[in-house]
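Please read through the structure below with the sequence at hand. The paragraphs that follow go from charged pairs to a strand hairpin and then to the nonpolar core.

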Amino acid sequence: MFGIGKWKTEEWEGEVVDKSELTASDGDGNDYTMYYLHVKMPDGTVQKKKYDRKLCEQFNIGDKIAKRPGEKKPVKP
């Protein structure tokens, strides 16, 4: 049995200050891209959050964003 996923308890809010993507290889010659939102938290720190491309495209730099417990993905509050 698996433990409770981090998404079930994770809670935060902040502002999107940057977006980035990184292309990597899995070692078998297959490339894949990871997408990130850089979120400035209320304490001033910036955290890099990894999500799928579709979700990252929903947010723009300057958007307020919040992740609530029990929700898998952040939303605009």
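Asp-52 has a relative accessible area of 37%, so Asp-52 counts as partly exposed. This value, like the others here, comes from a predicted model. Asp-52 forms a salt bridge with Lys-73, and the closest N and O atoms of the two are 3.5 Å apart. The pair links distant parts of the chain, since Asp-52 is in the loop between strand 3 and helix 2 while Lys-73 is in the segment after strand 4, 21 residues apart. Lys-73 is also partly exposed, at a relative accessible area of 42%.

How many salt bridges does a search of the whole structure find? The search finds seven. In one of them, the side chains of Arg-68 and Glu-11 meet at 4.0 Å, taken from N to O. Glu-11 belongs to the loop between helix 1 (6–9) and strand 1, and Arg-68 to the segment after strand 4 (64–67), so this pair ties together parts that are 57 residues apart in sequence. Arg-68 is partly exposed, with 33% relative accessible area, whereas Glu-11 counts as exposed at 53%. The two are also members of a network of salt bridges that links Glu-11, Glu-13 and Arg-68.

Another salt bridge joins Lys-64 and Glu-15, with 3.4 Å between the closest N and O atoms. Here the partners sit in two strands: Lys-64 lies in strand 4 and Glu-15 in strand 1, so parts 49 residues apart in sequence are tied together. Glu-15, at 27% relative accessibility, is partly exposed. As a general point, side chains of opposite charge can pair when their charged atoms come close.

Next come strand 2 and strand 3. These strands run antiparallel, and six bridges join them. Together they form a hairpin with five residues between the strands. In the turn, Gly-44 has a positive phi of about 95°. Lys-40 stands opposite Val-46, a residue of strand 3.

His-38 is a residue of strand 2. Is His-38 buried or exposed? Its relative accessibility is 15%, and buried means under 20%, so His-38 counts as buried. The side chain of His-38 makes a polar contact of 2.8 Å with the side chain of Ser-20. Leaving aside neighbours within four places in sequence, His-38 is in contact with Glu-15, Val-16, Val-17, Asp-18, Lys-19 and Ser-20, and also with Val-46, Gln-47 and Lys-48. Glu-15 in this list is the residue that forms a salt bridge with Lys-64.

In soluble globular proteins, nonpolar side chains tend to be buried together. In this model, the largest nonpolar core has eleven residues: Trp-12, Val-16, Tyr-35, Leu-37, Val-39, Met-41, Tyr-51, Leu-55, Cys-56, Phe-59 and Ile-65. Strand 1 (12–25), strand 2 (31–40) and helix 2 (53–57) are the elements that give two or more residues to this core. Which element provides the largest share? Strand 2 does, with three residues.

Not counting residues up to four places away in sequence, Tyr-35 touches Ser-20, Glu-21, Lys-49, Lys-50, Tyr-51, Asp-52, Arg-53 and Cys-56.

Notes. Residues are numbered from 1 along each chain as its sequence is written. This is a predicted model: local features need pLDDT of at least 70, side-chain atom pairs count only at pLDDT 80 or more; totals for chains, interfaces and linings use all residues. Side-chain values use heavy atoms; hydrogens and water are left out. A nonpolar core is a set of buried Ala, Val, Leu, Ile, Met, Phe, Trp, Tyr and Cys residues joined through side-chain atoms within 4.5 Å. Buried means under 20% relative accessible area, exposed over 50%, partly exposed in between (1.4 Å probe, protein chains only). Helices (H or I, at least four residues) and strands (E, at least two) are DSSP runs, numbered from the N terminus. Contact means heavy atoms within 4.5 Å. Two strands pair if DSSP finds at least two bridges between them. A polar contact is a pair of N or O atoms within 3.5 Å; within protein, one must be able to donate a hydrogen and the other to accept it, and residues adjacent in sequence count only if both atoms are side-chain atoms.
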